[in-house]
Amino acid sequence: MKTIIIIPSRYASVRLPQKPLAIIAGMTMIERVYRQCKKASGIDAVYVATDHAAIADEVNRFGAGVIMTSPEAPSGTDRVAVAAEKLDLEKNDIVINVQGDEPLIDPSVITALADEMKNHLDVQVATPITLLKKVEELTNPNIVFAVKDKNGNALYFSRHPIPFHRDMGFDSVFSWPDQHLYFKHIGVYAYRAEVLKQFVALGESPLERAERLEQLRLLEAGIPIRCVEVEYESVAVDTPEDIKRVELLLLP
């Protein structure tokens, strides 16, 4: 059983043109993501899946494997699925999707997902969650919340804080964490290769369309997602200001 990482890397970006090639403290973002992935334990190979020759050239420069995909891929997961198909994987092989705009991704998060999949062969998909620590994030629609069952499988993901405290109401939203633990979702996924094929075949689901959360496609189809609790705060790069923020975090 192989365990590989595929980093989807798209050239076009409205808020940050040529985002994967953006320089962060002297190194391109895609190289930073790749080098963090290489630090994870139990990984057989790391590939970059991209739609553009300039990114492919950069990936070749720093010595990583690159897989070309169509610019028409509707999502990062679709891009990863196409790349995995080209690798001719066995159905139970593990494919970990690490977003190409996470230059500070903690290797321990990737390792935790890989271990969950290896130690529980019945798990088809796994993703990390972390405990909410900043109450102001409850009202941020860019934060994705997760609720899970007693077995650790996701019940639902939402851009709305869940669960909703009926007796407290929106006026007391910042007091909600005093009554219940809230978990944030981190957008990294581990899939069995066979499930990636199913993801593409399913097409966009109604809940996915409403929340703009592609993992809901799987839940709506009845495919369980195991939530793995980790200690990590995601720092994605979407704007030039985000680059400055990451550079400050990289200072010794």
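**Ground rules**

I number residues from 1 along each chain as its sequence is written. Since the model is predicted, local features need pLDDT of at least 70 and side-chain atom pairs count only at pLDDT 80 or more, while totals for chains, interfaces and linings use all residues, and side-chain values use heavy atoms, with hydrogens and water left out.

**Entry 1: Ser70**

I looked up where Ser70 sits. Ser70 is in the loop between strand 5 (65-68) and helix 3 (76-86). I take helices (H or I, at least four residues) and strands (E, at least two) as DSSP runs, numbered from the N terminus. Is Ser70 buried, exposed or partly exposed? Ser70 has a relative accessible area of 37%, so I call Ser70 partly exposed. My cut-offs: buried is under 20% relative accessible area, exposed is over 50%, and partly exposed is in between (1.4 Å probe, protein chains only).

Next I checked the neighbours. Leaving out residues up to four places away in sequence, Ser70 touches Asp51 and Arg79. Contact here means heavy atoms within 4.5 Å. I also noted His52, 18 residues from Ser70 along the chain, with 8.6 Å between the two C-alpha atoms.

**Entry 2: Salt bridges**

Side chains of opposite charge can pair when their charged atoms come close. I found 15 salt bridges in the structure. A salt bridge needs a side-chain nitrogen of Lys or Arg within 4 Å of a carboxyl oxygen of Asp or Glu.

I began with Glu31 and Arg61, whose closest N and O atoms are 2.7 Å apart. This pair links distant parts of the chain: Glu31 is in helix 1 (residues 29-38) and Arg61 is in helix 2 (residues 53-61), 30 residues apart. Glu31 has a relative accessible area of 7%, so Glu31 is buried. Arg61 counts as exposed because its relative accessibility is 54%.

Arg61 also meets Glu58 in a salt bridge, at 2.9 Å from N to O. Both residues lie in helix 2, three residues apart, about one turn of the helix. Glu58 counts as buried because its relative accessibility is 11%.

Then I turned to Glu137 and Lys184, which form a salt bridge at 3.0 Å, N to O. Glu137 lies in the loop between strand 7 (125-131) and strand 8 (145-148) and Lys184 in strand 10 (residues 183-185), so the pair ties together parts 47 residues apart in sequence. Glu137 and Lys184 are both buried. Salt bridges with shared partners join Lys133, Glu137, Lys184, Glu231 and Glu233 into one network.

**Entry 3: Pockets**

Rolling a probe the size of a water molecule over the atoms shows where empty space is left. My pockets come from a 1 Å grid over the protein atoms alone and a 1.4 Å probe: a pocket is an open set of points with protein on both sides within 12 Å along at least five of seven lines, and lining residues have an atom within 4 Å of a point. Grid points are joined across faces, edges and corners, and a volume is the space filled by probe spheres set on the points.

The largest pocket holds about 1900 Å³ of space. Of its 50 lining residues, Gln99, Asp101, Arg159, Ala236 and Asp238 are the closest to its centre. Which element gives the most to this lining? I found helix 3, with three residues. The lining of the largest pocket has 16 nonpolar, 14 polar and 20 charged residues. Ala, Val, Leu, Ile, Met, Phe, Trp, Tyr, Cys and Pro count as nonpolar, Asp, Glu, Lys and Arg as charged, and the others, Gly among them, as polar.

The second largest pocket holds about 170 Å³. Among its lining residues are Ala81, Leu89, Leu196 and Val200. Helix 3 and helix 5 (193-202) are the elements that give two or more residues to this lining. By class, I read seven nonpolar, no polar and three charged.

**Entry 4: Aromatic pairs**

I found four aromatic pairs. Rings of Phe, Tyr and Trp (its six-membered ring) pair if their centres lie within 6.5 Å; planes under 30 degrees apart count as stacked, over 60 as edge-to-face and the rest as tilted.

The ring centres of Tyr34 and Phe62 are 5.3 Å apart and the planes are at 40 degrees, so this pair is tilted. Tyr34 and Phe62 are both buried. Phe164 and Trp176 form an edge-to-face pair, with 5.3 Å centre to centre and 90 degrees between the planes. Phe164 counts as partly exposed, at 39% relative accessibility, whereas Trp176 is buried, at 0% relative accessible area. Ring pairs link Phe164, Trp176 and Tyr182 into a cluster.
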